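Trainee: Could we go through this one together? I would like to start with how its parts sit against each other.

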Amino acid sequence: MKTRYTYGGDEHIYVEMDDEMSLDAFFKSLSMSNAVRDAKIEGVTEICPANASFQVRFDPDVIAPDDMMAKVKELEHRAEDAEKRLKTRIIEIPVYYQDPWTHETLMRFRERHQDPSGSDLDYAARINGFDSVDAFIEAHHAQPWFVSMVGFVAGLPFLYQLVDREKQLQVPKYLRPRTDTPKQTVGYGGCFSCVYSVRGAGGYQMFGVTPMPIFDPEQKQSYLKDFMVFFKPGDIVKWKPIDRDEYDRILAEVEADTYVPRIAEVDFDLDAFNADMAGTNAKLMEALNVA
């Protein structure tokens with residue numbers, strides 16, 4: 001990895017770890033952005049982390065841009081020496097794949113899609129070499145995912161699958177964006193899955209929906225009382241396929257404010273994961289079984 005530093009006007013510095021997203025790049029970015037935060041540099045007003053990069057906003061009347069750049073660069077060695085371990089949580093997210101709401105929406109926008117004659121899941125399965133949609137869905141939910149960024153839309157998580165690079169699913173976004181996406185759609189674009197926290201425009205392929213709210217500005221849900229955004233970078237997600245009956249049951253619990261997400265506290269060690277991906281994932285998922 002070769003870190004790149006660039007200015008974004010007079011008040012921002014953008015730091016990029018690599019051309020492509022990887023867990024190594026994510027951990028270096030996380031460690032470096034934490035080092036900038038811990039350094040308490042006078043003039044820094046905001047630090048915004050992303051998938052394998054981060055942005056620093058500062059007040060140029062307090063610290064000159066060149067001085068700010070020098071201080072950020074000085075902190076890179078801390079990121080390189082930092083342990084690649086994270087105390088985090090694994091969360092089970094129910095997903096109703098091939099639901100009627102995303103299907104109705106995707107059918108309204110087929111002229112903007114690479115394959116107007118099929119569904120988003122049909123297309124994703126075909127270009128990834130699967131012989132059926134069910135086989136693709138199995139690959140999508142069988143292994144856990146790592147939340148590498150939260151943002152773009154309020155509360156929207158970007159998730160990166162914890163598998164070998166050669167086994168990662170790859171699906172391009174729509175040729176042209178849609179003007180509508182159902183709230184809590186589980187989508188896919190490039191190598192990232194996501195959950196649309198609100199209804200609105202979008203370009204990711206639509207695979208299903210979750211009945212579980214992940215963004216609650218009014219904070220009506222008990223599990224979102226402390227913070228209106230559910231996800232945070234470093235969370236680990238395990239999708240759980242559900243049918244319509246289970247979707248309706250969970251939705252009723254959400255509306256009654258009795259739904260409790262299934263969550264387990266875990267430690268994630270990147271070196272251990274790289275040495276034994278299957279074993280690490282098995283331990284992560286086992287933690288949910290005893291939660």
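Mentor: Taken over C-alpha atoms, the centres of domain 1 and domain 2 are separated by 29 Å. The domain assignment, which is automatic or from a database, gives domain 1 as 4-82 and domain 2 as 87-289. Numbering runs from 1 along each chain as its sequence is written. This is a predicted model, in which local features need pLDDT of at least 70, side-chain atom pairs count only at pLDDT 80 or more, and totals for chains, interfaces and linings use all residues, while side-chain values use heavy atoms, with hydrogens and water left out.

Trainee: How many residues of each domain are in contact?

Mentor: Contact (heavy atoms within 4.5 Å) involves 10 residues of domain 1 and 15 residues of domain 2. The buried area, meaning the accessible area (1.4 Å probe) that the two parts lose on being put together, summed over both, is about 1100 Å², and carbon and sulfur atoms give 71% of that.

Trainee: Which three residues supply 50% of the area that domain 1 buries?

Mentor: Those are Met21, Leu23 and Asn51, which supply more of the area that domain 1 buries against domain 2 than any other three residues.

Trainee: And what is the count of salt bridges between the domains?

Mentor: There is 1 salt bridge between domain 1 and domain 2, where the term means a side-chain nitrogen of Lys or Arg within 4 Å of a carboxyl oxygen of Asp or Glu. Arg165 also forms a salt bridge with Glu20, with the closest N and O atoms 2.9 Å apart.

Trainee: Which helix gives the most to the domain 1 side?

Mentor: Helix α1 (residues 23-39) does, with 4 residues on the side that touches domain 2; helices here are DSSP runs (H or I, at least four residues), as are strands (E, at least two), numbered from the N terminus.

Trainee: Changing topic, what does Arg4 pair with?

Mentor: Arg4 forms a salt bridge with Glu16, the closest N and O atoms being 3.0 Å apart. Because Arg4 lies in strand β1 (residues 4-7) and Glu16 in strand β2 (residues 12-16), the pair ties together parts 12 residues apart in sequence.
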